[in-house]
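My entries follow in the order I made them.

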Amino acid sequence: MGRIFERIHLSSSQIIILGFSLFIFLGVLLLTLPVAKAGEGAAPFMDALFTSTSAVCVTGLVVHDTATYWSPFGQAVILILIQIGGMGVVTMAVAVTIISGKKIGLMQRSTLQEAISAHRVGGIVKLTRFILKTTLLIELIGSIVLGIIFTGDFDLKKGIWYGIFHSISAFCNAGFDLMGINAQYSSLTDYSSNITVNIVIMLLIIIGGIGFLTWEDIKTNRWHLHAYRMQSKVILSTTFCLLIFPALFFYFAEFSREEWNGLTQSEKILGAVFQSVTPRTAGFNTLDYTKFSEVGLSVSILLMLIGGSPGSTAGGMKTTTLTVILLSAVTVFKRRETVRCFGRRIDTDIVHNAAAIMLMYIVLFLAGGFSICWIEGLPLLTCMFESASAIGTVGLTLGITPALGNVSRFILILLMFMGRVGGLTLIFAAVSDKKPYETMLPKEIITIG
């Protein structure tokens, strides 16, 4: 695929966007086949487009319950699209090239470097092999553990299939589930008190969301944290904070409300931890989000916008973006000239990129939420929740997505696509990857704040 794009002189950013687009439309073709839909007839084009986009962009928003609307063939197509989208279309294309024994060209290496957010081209093929092996191993372990539990609840064949499906969906931070056979759109609410299912799903989400380069650091340096890259230190410390503090909020503030009196203390603890994990691009839910307070929903929206980490299966504006922006603010408050972190200096270009990405996500989130609210006449916070879920490629919902009109669905489709390919990728695809020559203009002071 990379060689085809190379002949028509596409940049790495444009290749990534076209790759995602091609797999989305391939998914549409397969999902519109009569064999993909349970029952008679074929799925409408718009439904197939929404589902395919949600799968490739590992979001999890659906217009039909996955377990009851799609046939086993359709479910298998969705799962393959999730795997491709989670690993990245360029990574999967390079994996096929490696398996076939063909050489990886410089253009493919450069594109892969951008796709997985690697710092250099050197060793990129070796890193890809490590990513593929680790992914298969983690998903296999998750499938076995979940399969054992689901086999006890269903028959053997369905238990194995459900184990595989939910393991891949969780690791890829997709949020698609097959639990609609109990109650449509129920996600994992039937397992809210099952410690094993909760822990396995959370671990898969976290491991998939911290990024491939962080895996490599952990494998290489293990407990020698001082030897980690600064990026890995930022990702791990930010992820830790985003797990602990929201969990404390949900337990002490949200679950202290009388609406949750039916939960035991252990269920509240488990639910609080799970709700701190899943909004950052996973999309599974063990509790009914329609019972959450407006503050609880707002905290979830913030977590959805932040998302996972760069070079991972997760979406959102990324943990590193948030940290760089916060460190930039600290730099201003302390009247320093440079942004510092873990004894290192962060380049000004990175600060500028972080500010641009955050602004882009906020604008898209607000524009999507306001537009859906205006078109559908629904409560603003509800529409904002769906908009954040789409741009953050999360998949959590307050139940309005299946009832939305085609215009609102198309808005969510665009948000899911933009959220998955990444802010800078979209910007660099629209303009040249080459830095223009700039002349130094006269400097003038402008007052801020």
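I began with contacts, a contact being heavy atoms within 4.5 Å. Among contacts in the protein chain between residues at least 6 apart in sequence, 69% join residues at least 24 apart.

I noted the ground rules next. This is a predicted model, in which local features need pLDDT of at least 70 and side-chain atom pairs count only at pLDDT 80 or more, while totals for chains, interfaces and linings use all residues. Residues are numbered from 1 along each chain as its sequence is written, and side-chain values use heavy atoms, with hydrogens and water left out.

I then looked up burial. Buried means under 20% relative accessible area, exposed over 50%, and partly exposed in between (1.4 Å probe, protein chains only). Of the 449 residues of the protein chain, 55% count as buried. The chain exposes about 21100 Å², and carbon and sulfur atoms supply 66% of that area; accessible areas come from the Shrake-Rupley method with a 1.4 Å probe, and for residues only the protein chains shown count as cover.

For secondary structure I found 19 helices and two strands. Both are DSSP runs numbered from the N terminus: helices are H or I with at least four residues, strands are E with at least two.

Salt bridges came next. I counted a side-chain nitrogen of Lys or Arg within 4 Å of a carboxyl oxygen of Asp or Glu. A search of the whole structure gave five.

- Arg 409 and Asp 47 form one, at 2.8 Å from N to O. The pair links distant parts of the chain, with Arg 409 in helix H18 (residues 406–421) and Asp 47 in helix H3 (residues 45–56), 362 residues apart. Both Arg 409 and Asp 47 are buried.
- Glu 216 pairs with Arg 229, the closest N and O atoms being 2.7 Å apart. Glu 216 is in helix H11 (residues 212–221) and Arg 229 in the loop between H11 and helix H12 (230–252), 13 residues apart. Glu 216 is partly exposed at 24% relative accessible area, and Arg 229 is partly exposed at 22%. Glu 216, Asp 217 and Arg 229 are linked in a network of salt bridges.
- Arg 257 and Glu 254 meet at 2.7 Å, N to O. Arg 257 counts as partly exposed at 22% relative accessibility, whereas Glu 254 is buried at 1%.

I turned to helix H14 (residues 294–306). H14 has 13 residues and reaches 19 Å from its first C-alpha to its last, close to the 18 Å expected at 1.5 Å a residue; the expected span is 1.5 Å times one less than the number of residues. Its buried residues include Leu 297, Ile 301 and Leu 305. The buried residues of H14 pack against H12, helix H13 (265–277), helix H15 (319–333), helix H16 (348–376) and helix H17 (380–391). Gly 307 follows H14 and has a positive phi, near 75°.

My last entry is the second largest pocket, with a volume of about 600 Å³. A pocket, on a 1 Å grid over the protein atoms alone, is an open set of points where a 1.4 Å probe fits, with protein on both sides within 12 Å along at least five of seven lines; lining residues have an atom within 4 Å of a point. This pocket is lined by 20 residues, of which Ile 210, Ile 218, Arg 222, Tyr 228 and Leu 236 lie nearest its centre. H12 gives the largest share of the lining, six residues.

Technical notes
Points joined across faces, edges and corners; volume = space filled by probe spheres on them.
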